[in-house]
Amino acid sequence: MNEERRILKKCPISCFADEIDPSVDKQTALMEELGIGWVEFRSGDGKGVADYTLAEAEALMRRLEEKKIRVSAVGSPIGKIQITDDFAPHLEKLAHVAELAKIWNTPYIRSFSFFIPQGEKPEDFRDEVFRRMDRMVELAASKNLILLHENEKDIYGDIAPRCLELMEKFGGESLKATFDFANFVQCGQDTMEAYEMLKGHIAYVHVKDALFDGGRVVPAGQGDGNLRRIFGLLDEAGFDGFLSLEPHLADFAGLSGLEKNVQERGRTDTEAAFVTAYEALQGLLCG
């Protein structure tokens, strides 16, 4: 990698390592090989992150420290329920996730703004979304933590205008934006427009790309997400947040042609997909 030509030099690379393998040992082995020192921990060893006990979180922390890997964010499912689901137990789950974040020495918790019932208008649920977001942000503030709102498909904040609504209402020290290129594309949202609307709120980036035609996820820079252009704009703006690799490429049709000699290298398909995604990111940063 040509460090002299690299853009976004201040941005550490993190990843959703559970896309490598369910096993934490296998996750960290490939991370070590690639030189990735951060993980957005979402699941491992058969357990989703929010189901980790505090004792299990402490044990995981020791395992990661042995590999010199740190946690960039808790890849939590907070806010990824139906807006009509009971909220009280979900808020309790956020309180638990906040304790995990403290153990893992990260201020960041990935969050969402609730799935809207199919066929319904998101605007009809604005008041309830805002009520819940207010409670979540209040809890995060009380713990000196930061919720990172991800623009997930089919939630209230899936397109840029509604993401901006949330940021203007709740954004600040305890709520910031994660910019996910592929999710915007899959919602039909132009990412350049989204960047211009949200650039003052972006603290974290998910690196994956997609095509408007069919919404298929492809390696970074090969879709309609405008990653190269937006990376350049982030670089000019002095952005120094995490670039978190979220490949979603295990079923990518062109994988065999991109990651050569998969079997000869001894890689599984998911490992090969992850390496392909990592190399595509490096190509954007250094090309």
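User: Leaving aside its neighbours within four places in sequence, with which residues is Ile69 in contact?

Analyst: This is a predicted model, in which local features need pLDDT of at least 70, side-chain atom pairs count only at pLDDT 80 or more, and totals for chains, interfaces and linings use all residues. Residues are numbered from 1 along each chain as its sequence is written, and side-chain values use heavy atoms, with hydrogens and water left out. Contact means heavy atoms within 4.5 Å. With neighbours within four places in sequence set aside, the partners of Ile69 are Thr28, Met31, Ile36, Gly37, Trp38, Val39 and Leu64.

User: Is Ile69 buried or exposed?

Analyst: Ile69 sits in the loop between α2 (54-66) and β5; helices (H or I, at least four residues) and strands (E, at least two) are DSSP runs, numbered from the N terminus. Buried means under 20% relative accessible area, exposed over 50%, and partly exposed in between, with a 1.4 Å probe and protein chains only. Because its relative accessibility is 2%, Ile69 counts as buried.

User: How far apart in space are Ile69 and Thr28?

Analyst: Thr28 is among the contacts of Ile69. In sequence the two residues are 41 residues apart. From C-alpha to C-alpha, the separation of Ile69 and Thr28 in space is 7.9 Å.

User: Where is Lys80 found, and what is its relative accessible area?

Analyst: Lys80 belongs to the loop between β5 (70-78) and α3 (88-103). Beyond its neighbours within four places in sequence, Lys80 is in contact with His90, Phe112, Phe115 and Glu152. Lys80 is partly exposed, because its relative accessible area is 32%.

User: Which strands stand at the edges of the open sheet of eight strands?

Analyst: The order in this sheet is β1-β12-β9-β8-β7-β6-β5-β2, with parallel pairing; two strands pair if DSSP finds at least two bridges between them. Each edge strand has a single partner strand, so one side of it is left without a neighbour in the sheet. The edge strands are β1 (13-15) and β2 (38-41).

User: What radius of gyration does the protein chain have?

Analyst: The radius of gyration is taken over C-alpha atoms, and the globule rule is 2.2 Å times the number of residues to the power 0.38. For 287 residues, a compact globule would therefore have a value near 19 Å. The chain agrees with this, as its radius of gyration is 18 Å.

User: What share of the residues of the protein chain count as buried?

Analyst: The secondary structure of the chain comes to 10 helices and 12 strands. Its C-alpha atoms fill a box of roughly 55 × 45 × 35 Å, taken along the principal axes. Of its 287 residues, the share that count as buried is 54%.
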